[in-house]
Amino acid sequence: MTLADYAAEIARSGFPGIRPLDPMLRTDLLDGYLDRVADYDLDESGAGIRDRKALRRWLTAYAAATATATSFATVRNAAAEGSNEPPSPPTAAAYRRALEQLWLIEELPAWLPTRNRLRRLASAPKHHLTDPALALRCLGIDESGLLEGRTTNHALPRDGTLLGAMFESLVALSVRVYAQGNRTRVSHLRTHSGEHEVDLIVERSDGRVVALEVKLSATVKDHDVRHLAWLAERLGNELLDAAIITTGKEAYRRRDGIGVIPAALLTT
């Protein structure tokens, strides 16, 4: 799979009734799903949310923070538009609760190891919608908004870090599905200072973990594995394995023992 293939997969969504459809119809249905949640499902859930436009602004700001641990205060302030005031903290918290109950957002919790070999870990979750295609539609973007040069074999990300964030969200969704099938938990690791981060920690019931970093690039350099090497040094035998998930075309094991796996080859 090429970078363009991954971009198409992100936009296609994981909804089985939507995936095979024409791109325009697929976009309409994803937009309709978001409208349905805002206009009807929230009423049926008893959330008592009145200002649907403010909720959609908050959801758009949340989507823009996909795959980050941006503070909820920052998300709330970003939801202000023009002369509109940002929602109050209690209102924003109500949005978050309601959308979690409807399985529209599914945050990735911070990893807090049961054996305290690591200290000063941050506890903020990473932000994810249940499907990266929904995040794109919240932002009003489709596949064409992710890449430059789509007609060539050398497509490039178009909008800064957006494709990287959506690719990480796609990988996180996939790993969560596989982890659920293996009775394991998925979280992320970040130190308070932000000096070290690991995108995905898959933890067994005995506390041992697999650590995964997600990189949009097809190649992996020594600099890309520094956080995994740091974690391996601290966890020792508690770390079962470590790998970088990429957009490359080959899976292999580096000399330092860290795996390199194309996202398309992930499986249970």
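Visitor: Which residues touch the most other members of the largest nonpolar core?
Guide: In this predicted model, the largest nonpolar core holds 56 residues. Helix α7 (residues 162–181) gives the largest share of this core, nine residues. The members that touch the most others are Trp58, Leu129, Val171 and Leu200.

Visitor: With which residues is tryptophan 58 in contact, leaving aside its neighbours within four places in sequence?
Guide: Tryptophan 58 is among the core residues that touch the most other members. Its contacts beyond four places in sequence include the charged residues Arg76 and Arg96.

Visitor: What is the order of the strands in the open sheet?
Guide: The sheet has six strands and mixed pairing. β3 and β7 (252–253) each have a single partner strand, so one side of each is left without a neighbour in the sheet. With these two at the edges, the order is β3-β4-β5-β6-β8-β7.

Visitor: Do β4 and β5 run parallel or antiparallel?
Guide: The two strands form a hairpin with five residues between them, where glycine 207 takes a positive phi near 90 degrees. Glutamate 203 stands opposite valine 209 of β5. Four bridges join β4 to β5, and their sense is antiparallel.

Visitor: Is β5 largely enclosed by the rest of the structure or left open, and how many of its six residues are buried?
Guide: A residue counts as buried when its relative accessible area is under 20%. Strand β5 is largely enclosed by the rest of the structure, because its buried residues number five of six.

Visitor: In which sense do β5 and β6 pair, and what is the hand of the crossover between them?
Guide: Six bridges join β5 and β6 in the parallel sense. Valine 210 has aspartate 241 of β6 as its bridge partner, and leucine 212 has alanine 243. The chain passes from β5 through α8 to β6, a β-α-β crossover that is right-handed.

Visitor: Within what arc do the buried residues of α8 fall?
Guide: Helix α8 (residues 226–235) has His227, Leu228, Trp230, Leu231 and Leu235 as its buried residues. Seen down the helix axis, they line one face, because they fall within an arc of 160 degrees.

Visitor: Which strands are included in what covers the buried residues of α8, and which residue follows the helix?
Guide: The cover of these buried residues includes β3 (185–190), β4, β5 (209–214) and β6 (239–246). After the helix comes a residue with a positive phi, near 60 degrees, namely glycine 236.

Visitor: Is aspartate 199 buried or exposed, and which side chain does its own side chain join in a polar contact?
Guide: Aspartate 199 lies in strand β4 (residues 197–203). With a relative accessible area of 9%, aspartate 199 is buried. Leaving aside neighbours within four places in sequence, its contacts include Glu168, His188 and Leu212. The polar contact between side chains, at 3.0 Å, is with lysine 126.

Visitor: How far apart are the C-alpha atoms of leucine 3 and leucine 29?
Guide: Leucine 3 is placed in helix α1 (residues 3–12) and is buried, with a relative accessible area of 17%. Leucine 29 is 26 residues away along the chain, and the separation of the C-alpha atoms is 25 Å.

Technical notes: Residues numbered from 1 in each chain as written. Predicted model: local features only at pLDDT ≥ 70, side-chain atom pairs only at ≥ 80, totals over all residues. Heavy atoms only, no water. Buried < 20%, exposed > 50% of the residue type's maximum accessible area, 1.4 Å probe, protein only. Polar contact = N/O pair within 3.5 Å; in protein donor to acceptor, adjacent residues only side chain to side chain. Contact = heavy atoms within 4.5 Å. Arc of directions from axis to C-beta. Core = buried A, V, L, I, M, F, W, Y, C linked by side-chain atoms within 4.5 Å. Pairing = 2+ DSSP bridges. Right-handed = clockwise from strand over helix to strand, strands pointing away.
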